[in-house]
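Here are some numbered notes for a first look at this model. Please keep the structure open while reading them.

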Amino acid sequence: MRIATWNVNSVTVRLDRLLAWLERSGTDVLCLQELKCEAAAFPTEALRARGYEAAVRADGRWNGVAVLSRVGLADVSGELVDGPAYEGATEPRTVAATCGGVRVRSVYVPNGREIGHPHYAYKLRWLAALRETVAPEAAAGTPFAVLGDFNVAPADEDVWDISLFEGATHVTEAERNALAALRETGLGDIVPRPLKYDRPFTYWDYRQLGFPKNRGMRIDLVYGNAPFAKAVQDAFVDREERKGKGASDHAPVVVDLEL
DNA sequence: ATGGCTGGTTCGACCAGA
C-alpha cells in the first residue's frame with residue numbers, strides 16, 4: 001500500500017496536478033492539507049471518478065484538510081480532543097480515517113507567524129491537543145500514523161541554514177518539545193529519502209529561487225506507531241512534483257507499506 | 001532542465017504562507 005501526504009496549497013488551483021500525480025504515483029491513501037476551498041467546492045466527483053473516496057474538512061479559508069482513499073474509508077473523525085479555537089473559530093486542520101487496515105490522521109498545524117504572536121501560542125496549544133487526541137490510537141496494536149504539514153523542523157539540519165532562523169518560528173525549543181511530546185505517545189519519525197541532495201526537504205519558498213537553490217525545510221512529517229513503522233518498506237520525497245509551472249510550494253512525502 | 005512568489009479575497013490592494 002502506498003500512503004502519502006501533501007500540502008497542495010489550494011486544491012482548486014492544483015486539481016489537474018493532483019489528479020495527474022495520483023495516477024502517476026499510484027498512491028492509495030493521500031493526506032491533503034491547505035485545501036483553501038469550501039467543503040462544497042471540494043472536487044469529490046473528479047476523485048470518485050478515479051476511484052477515490054474522500055473525507056474532507058474545509059471552510060474556505062487558509063486551512064482545510066482531507067484524506068483520500070481507494071482502499072476503503074471508515075471511522076472518519078474530525079475535531080481534536082479539547083482543541084483550541086483561534087479568534088473564536090475552531091479551524092478545520094485535521095481529519096482521521098481508517099483506510100485498508102491503516103489508521104491515518106491528516107494534520108495542518110498552525111503556522112505560528114511570529115514568536116509571541118497569539119498564533120504562536122495557538123500553535124503550541126494545538127500540538128498539545130493533537131498529542132491528547134492521538135495517544136489512544138498511537139498505543140493501538142494496529143498501524144497508525146499522523147501525516148501532514150507540522151510547520152516545525154524537528155532538528156537544525158531540517159532547514160537549509162539554521163543561522164538564518166534565529167528568532168524565527170518552526171525551529172524553537174518549545175515547538176520541538178511539542179513534537180517530542182507527540183512522539184512520546186509511541187510515534188516514530190519516518191524519515192524519507194531525499195532523491196536528490198543530502199537532506200529530505202519537503203518545502204521550498206516560492207521566492208528567491210528557493211527550489212533551484214535547494215533552500216528547503218523538512219516540515220511535512222510522517223509519525224507512525226510501531227506496527228506502522230514495522231510495515232514501512234520505503235519512504236521518499238517526490239521532489240519532481242515541486243518542479244515546473246503551477247507547483248505547490250510543498251512536495252509530497254510518499255511511504256510504501258507491506259501489511 | 002528547476003528559475004527572482006502564489007493564492008484568495010474585500011475585485012484590487014492586502015493578508016497569509018513559512
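1. V146 counts as buried, because its relative accessibility is 0%. Buried means under 20% relative accessible area, exposed means over 50%, and partly exposed is in between, with a 1.4 Å probe and protein chains only. V146 lies in strand β8, residues 144-149. Helices (H or I, at least four residues) and strands (E, at least two) are DSSP runs, numbered from the N terminus.

2. A word on the basis of these notes. This is a predicted model, where local features need pLDDT of at least 70 and side-chain atom pairs count only at pLDDT 80 or more, while totals for chains, interfaces and linings use all residues. Residues are numbered from 1 along each chain as its sequence is written, chains are lettered from A and ligands numbered from 1 in the order in which they are written, and side-chain values use heavy atoms, with hydrogens and water left out.

3. What does V146 touch, leaving aside its neighbours within four places in sequence? Its contacts are R105, V107, L130, V134, L187, L221, V222 and Y223. Contact means heavy atoms within 4.5 Å. F201 is 55 residues from V146 in sequence, and the two C-alpha atoms are 18 Å apart.

4. L130 is one of the contacts of V146. L130 sits in helix α3, residues 118-138. L130 is buried, as its relative accessible area is 0%. L130 and L182 are 52 residues apart in sequence, yet 7.7 Å apart from C-alpha to C-alpha.

5. T133 is also found in helix α3. Is T133 buried or exposed? T133 is buried, since its relative accessible area is 9%. A polar atom of its side chain lies 2.7 Å from the backbone oxygen of A129. That is a polar contact: a pair of N or O atoms within 3.5 Å; within protein, one must be able to donate a hydrogen and the other to accept it, and residues adjacent in sequence count only if both atoms are side-chain atoms. Leaving aside neighbours within four places in sequence, T133 touches E79, L80, V81 and R105.

6. Now DNA strand B. It is surrounded by 29 residues, and the closest are S10, N111, K196, Q208 and P212. Near means that a heavy atom of the residue lies within 4 Å. Of the atoms of DNA strand B that come within 4 Å of the protein, 71% belong to sugar and phosphate. The residues near DNA strand B divide into eleven nonpolar, ten polar and eight charged. Ala, Val, Leu, Ile, Met, Phe, Trp, Tyr, Cys and Pro count as nonpolar, Asp, Glu, Lys and Arg as charged, and the others, Gly among them, as polar.

7. Which residues have polar atoms close to phosphate oxygens of DNA strand B? A backbone N or O atom of Q208 lies 2.7 Å from one. For a polar side-chain atom of N151 the distance is 3.1 Å. For a polar backbone atom of G60 it is 3.4 Å.
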